[in-house]
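I opened the model and kept notes as I went. The entries below follow the order of my look-ups.

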Amino acid sequence: MEKEFIVKVVKNGPLVVSGDFKLVLPSGEEQEVTRKTFFCRCGQSKNKPYCDGAHAAVKFDE
Ligand code: FES
């Protein structure tokens with residue numbers, strides 16, 4: 001059975017990625033991800049590449 005991999009774009013919010021995948025950081029570090037993960041699209045997160053909720057405070061409007 002093929003694994004399901006879903007990327008959802010949240011209006012005025014993050015990308016939500018569901019499924020098993022490998023994340024490669026700018027440092028070259030690789031992380032195996034097996035849970036739903038929220039990635040920042042607004043550029044304001046203090047924990048990039050992850051969303052920390054800052055999009056709400058800055059009223060991110062796509
Ligand atoms: S999208 Fe949530 S902090 Fe940027």
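Is Ser45 buried or exposed? I found Ser45 buried, with a relative accessible area of 4%. Buried means under 20% relative accessible area, exposed over 50%, and partly exposed in between (1.4 Å probe, protein chains only).

Ground rules for my notes. This is a predicted model, where local features need pLDDT of at least 70, side-chain atom pairs count only at pLDDT 80 or more, and totals for chains, interfaces and linings use all residues. Residues are numbered from 1 along each chain as its sequence is written, and side-chain values use heavy atoms, with hydrogens and water left out.

**Ser45.** I placed Ser45 in the loop between β5 and α1. Helices (H or I, at least four residues) and strands (E, at least two) are DSSP runs, numbered from the N terminus. The side chain of Ser45 reaches the backbone oxygen of Tyr50 at 2.5 Å. I then listed contacts (heavy atoms within 4.5 Å). Leaving aside neighbours within four places in sequence, Ser45 touches Cys40, Tyr50, Cys51, Asp52 and Ala54.

**Salt bridges.** I searched for a side-chain nitrogen of Lys or Arg within 4 Å of a carboxyl oxygen of Asp or Glu. The count came to two salt bridges. Arg41 and Glu62 form one, at 2.3 Å from N to O. This pair links distant parts of the chain, 21 residues apart: Arg41 lies in the loop between β5 (37-39) and α1 (54-57), Glu62 in the segment after α1. Arg41 is partly exposed, at 29% relative accessibility. Glu30 and Lys22 form a salt bridge too, their closest N and O atoms 3.2 Å apart. Glu30 is partly exposed at 49%, and Lys22 is partly exposed at 46%.

**β3 and β4.** Two strands pair if DSSP finds at least two bridges between them. Glu32 in β4 is the bridge partner of Lys22. The hairpin has five residues between the strands, and Gly28 there takes a positive phi near 100°.

**The open sheet.** I traced three strands in the order β1-β2-β5, with antiparallel pairing. β1 (6-9) and β5 stand at the edges with a single partner strand each, so one side of each has no neighbour in the sheet. β2 (residues 15-18) pairs with β5 over three bridges. Val16 has Phe38 in β5 as its bridge partner.

Note on methods:
A polar contact is a pair of N or O atoms within 3.5 Å; within protein, one must be able to donate a hydrogen and the other to accept it, and residues adjacent in sequence count only if both atoms are side-chain atoms.
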